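The sequence and the structure come next, followed by a reading of the interfaces.

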Amino acid sequence: MKAYLSVFRMRLRMETQYRGAVLGGVVCQIFFGLILIAVYRALYAGKPQSLPLAHVTTYVWLQQAFFRMLLSSDAELMDKVRTGGIAYDLCRPVHLYGFYYARILAQKLMGSLLRALPMLVFAALLPEGWGIALPASVPALALSLAALLLGLCCVCAMENITMAFTMRTLDPRGFQAMLNLLMMILSGSLLPLTLYPDSWQWVITLLPYAQMLDAPIRLYTGEYALPQAPGVLLLQGGWTAVLILTGMMLWKRNQRRLIIQGG
Amino acid sequence: MNTVRLYIRSMGILLKSQLQYPLSFLLQTLAQLIMEGGEMLAVVLLMDRFDHLHQWTPGDLYFFFGLMSVTFYLAECFGRGITGNFPSMVRTGQLDTLLIRPRGILTQVLCSAVDPRRIACILVGTVSLILGSRMSQVEWTAAHVLLLTESIFCGFWLILGLFLIEAILCIHSVKSVEIANAITYGGRSACQYPVDAFPRSLRTLFTVIAPFALVMHVPASRILGKPIFGWPAWTAWISPLTGPAVFAVMMLLFAKAMRFYRSTGS
Amino acid sequence: MSYIHVEHLSKSFQIRKKREQGKLLREKQTIRALEDVSFEIEQGELIGYIGPNGAGKSTTVKILSGILTPDGGEALVGGRIPWRNRKEYVQHIGVVFGQRMQLWWDVPILESYSLLRDIYRVPETAYQKRLGELTEALNLGELLRTPLRQLSLGQRMRAELCGSLLHQPEILFLDEPTIGLDAVSKLALRDFLRWENREHRTTILLTTHDMEDIAALCARVMVLGHGRKLYDGSLQELLHRYDRTRTVDIRYDADGILPTLPDSVAVQREGDGLRLTYQPEKLATAELLALLQQAGPIREMTVQPQNIDHLIADMYREMGL
């Protein structure tokens, strides 16, 4: 357990070192957020929806603030997997899955916190109709935070699966691009999932990609009412468990293959 | 003429090297196709929900989207040397090998890379452009075709000019080059929608500072028969020229930055 | 006037230091890379340019090849100022950076060459003639259709050399060309440089850390340290000036014999023999031999001059580098 904790802490510290890059990234992300909101405002002006505009702007800001969480983050680790440098890690007396899980988790956690805090402060200062709205209620806030944590675990599990696949394919770049695209489209980065056609909602909200950021946001805005919350959290937890188990299985198979083939 | 010949020969060599890894190339191209397809899907879904954006019908919006997509990815395809290679050339000192050759630096940078995978995005843009013009019943007169071509051509140079901002900052070893990306990629995201959808400040930004609106929206809205800004018809022919003008200014600034590089080393 | 004329050349850089704790702004530090360097080089000379890391060698090469503009001083290469009118100037020079490749990675080197022909606007007949000559001299014939990435380091360096000489430059700047090469490749490279220098009277300025290169190729060397020129003259003279110690390895017939020697000779046990280091200035070789013979019958003995690398290291030390 200690090994996982120490890799987790090390990555947390590393992430805080790129403060200059964070600032540039935050400015960029804010600008993108403003553009998106301007478009949605213009669209709303023409045809108001049952979904309040404030929900959409809140969705955009939370999405932008936690943008880094969804992004495949660990280029160094990916390179290691691609070039076979991973063989060194195989020699360590740790469970590889847990080792990488801790590493990715630390990176995503610190990376998104560093970016999210200044952005959310900025978004809170914007006038109504542009900025982020308050959470639907205090319990809603608490639930959405819990859901966010579960979502984070879910993303990490997903990224670990991507990596496990990467090891098996000869040309990972194309493959990774595909998986990242799936993530972009189905997680709500491209367009808030709430704005997808109503008839699609029941399918896309069931998929694992919706558990990462979409579910916490909907709990925050109150679109998922409090009585629905246990179901939502259960779904999130279920997917996370499934993804973790799948990932562990894939890694175990990879590990065996690596040892047999000698890398 | 000699420079054009050099450019074509360089492209030949680069394409040949990329095709050394055909499977990788194919998969990455496919990924690009899905990516731009996804962007278009977002517009389609928004139109499905909202029906229109101000006076613009879905067809108009597909037209604007296609125009931006074709233009932007043409620039990404051929401007790869500026966005992709140049920053690392400055960092590693590889730029020195360009300085010892009897050709312009910018020429050589543009000759140093091409990104043919972007063809997939350009394809999506073209489909969107055709779909949009069908739905909005655009009359394809010679003048309209010419105006569209001019807009794409000028937009290409505008975007290359904006890419140069990043290169210039790189030479001055500025750390956060993302700020430069905000205006280029932000411009692309914003100006795939007609500029009059935006509040004043953003409208000014994309008309005066990064004139996407002058280069693309003025001629495109003329072609669609709903000119923005209420300007007379002939302006649609003049305003796109701001694109090459931006490029010219950036080229001068780039040359100035290169003088700085040569007197400081890196 | 000489082919290369450099007078009072100087250049300094500003580097940003790491931010110290408690300070808001990072301090800037000025590094003087070149200070008041002057020299003349005649057409057709083959010159070695040496000095420890950070002495300003690369800065000189970069200024003379038009990549950098100096802060002060003059330089004329073939009557042209390198940092004015860059495009016209570089048409007449060739540069090889030992650690930077200028050929294209994934394509056969012949295609790289024909692209370089277009870049330098070399007429077709001149190009064919030059290419034929260079491929023969560099023994590249069979490699022309191979992509650069499949070549060994030595082959790659030969290919690079060919590429930078296609336009028949008047002068060739070489920045550590033999770094990382094996013995065979090094020898081939030296032969080629000698050939190019002789056949075309190409002036060659060779920057290197490899003293063997210098000894094999250059009649004249310049030593640079801390941005200043410390020595300019023949290699023989330089060696002579600093070559003050000799080593003697000696074994006596009987074990355990220890000759009585003055304090200026250092004695060291090496296996069953002795290693002595002495300075001919202080103790003449004849005297030393006499002393050694007095101690007993000698079975085996060798006298060696100092290793050239040690010598240069001593020299740098003495010059305070």
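This is a predicted model: local features need pLDDT of at least 70, side-chain atom pairs count only at pLDDT 80 or more; totals for chains, interfaces and linings use all residues.

Asp96(B) belongs to helix α5 of chain B, residues 95-99, whereas Lys62(C) belongs to helix α1 of chain C, residues 57-64, so the pair joins two chains. Asp96(B) has a relative accessibility of 2% and therefore counts as buried, the cut-off for that class being under 20% relative accessible area.

## The contact of chain B with chain C

Chain B brings 29 residues to this contact and chain C brings 34 residues. Between them the two chains bury about 3,000 Å², and carbon and sulfur atoms account for 49% of that area. On the side of chain B, Ile100(B), Pro102(B) and Arg262(B) supply 26% of the area buried against chain C, which is more than any other three residues supply.

Five salt bridges are found across the interface of chain B and chain C, and 15 residue pairs are in polar contact, both residues being at pLDDT 80 or more. The elements of chain B that each supply at least two residues of the side touching chain C are α1 (2-18), α5 and α13 (242-264); among these, α1(B) provides the largest share, with eight residues. Sorted by class, this side of chain B holds nine nonpolar, 13 polar and seven charged residues.

The side chain of Asp118(C) forms a salt bridge with that of Arg5(B), at 3.0 Å from N to O. Within chain B, the side chains of Asp115(B) and Arg117(B) meet in a salt bridge at 2.8 Å, N to O, and both of these residues are buried. Through salt bridges with shared partners, Arg5(B), Arg9(B), Arg117(C), Asp118(C) and Glu124(C) are joined into one network.

## The contact of chain A with chain B

This contact draws 36 residues from chain A and 37 residues from chain B. The area buried between the two chains is about 3,100 Å², with 77% of it on carbon and sulfur atoms. Within chain A, the residues that lose the most area to chain B are Phe31(A), Leu43(A) and Met178(A), which together make up 17% of what that side buries.

Seven residue pairs are in polar contact across the interface of chain A and chain B, both at pLDDT 80 or more. On the side of chain A that touches chain B, α2 (19-46) and α9 (172-187) are the elements that give two or more residues, and α2(A) gives the most, with 17 residues. By class, the residues of this side comprise 24 nonpolar, eight polar and four charged.

## Two salt bridges between chains A and B

Across this interface two salt bridges are found. In one of them, the side chains of Asp51(B) and Lys47(A) meet at 3.0 Å, N to O. Asp198(A) also forms a salt bridge with Arg49(B), in which the closest N and O atoms are 2.8 Å apart. Because Asp198(A) lies in the loop between α9 and α10 (201-204) of chain A while Arg49(B) lies in helix α2 (residues 22-50) of chain B, the pair joins two chains.

Are the two residues of this pair buried or exposed? Asp198(A) counts as exposed at 58% relative accessibility, whereas Arg49(B), with a relative accessible area of 11%, is buried. Over all chains, the count of salt bridges comes to 36.

Definitions and conventions: Residues are numbered from 1 along each chain as its sequence is written. Chains are lettered from A and ligands numbered from 1 in the order in which they are written. Side-chain values use heavy atoms; hydrogens and water are left out. Contact means heavy atoms within 4.5 Å. Buried area is the accessible area (1.4 Å probe) that two parts lose on being put together, summed over both. A salt bridge is a side-chain nitrogen of Lys or Arg within 4 Å of a carboxyl oxygen of Asp or Glu. A polar contact is a pair of N or O atoms within 3.5 Å; within protein, one must be able to donate a hydrogen and the other to accept it, and residues adjacent in sequence count only if both atoms are side-chain atoms. Helices (H or I, at least four residues) and strands (E, at least two) are DSSP runs, numbered from the N terminus. Ala, Val, Leu, Ile, Met, Phe, Trp, Tyr, Cys and Pro count as nonpolar, Asp, Glu, Lys and Arg as charged, and the others, Gly among them, as polar. Buried means under 20% relative accessible area, exposed over 50%, partly exposed in between (1.4 Å probe, protein chains only).
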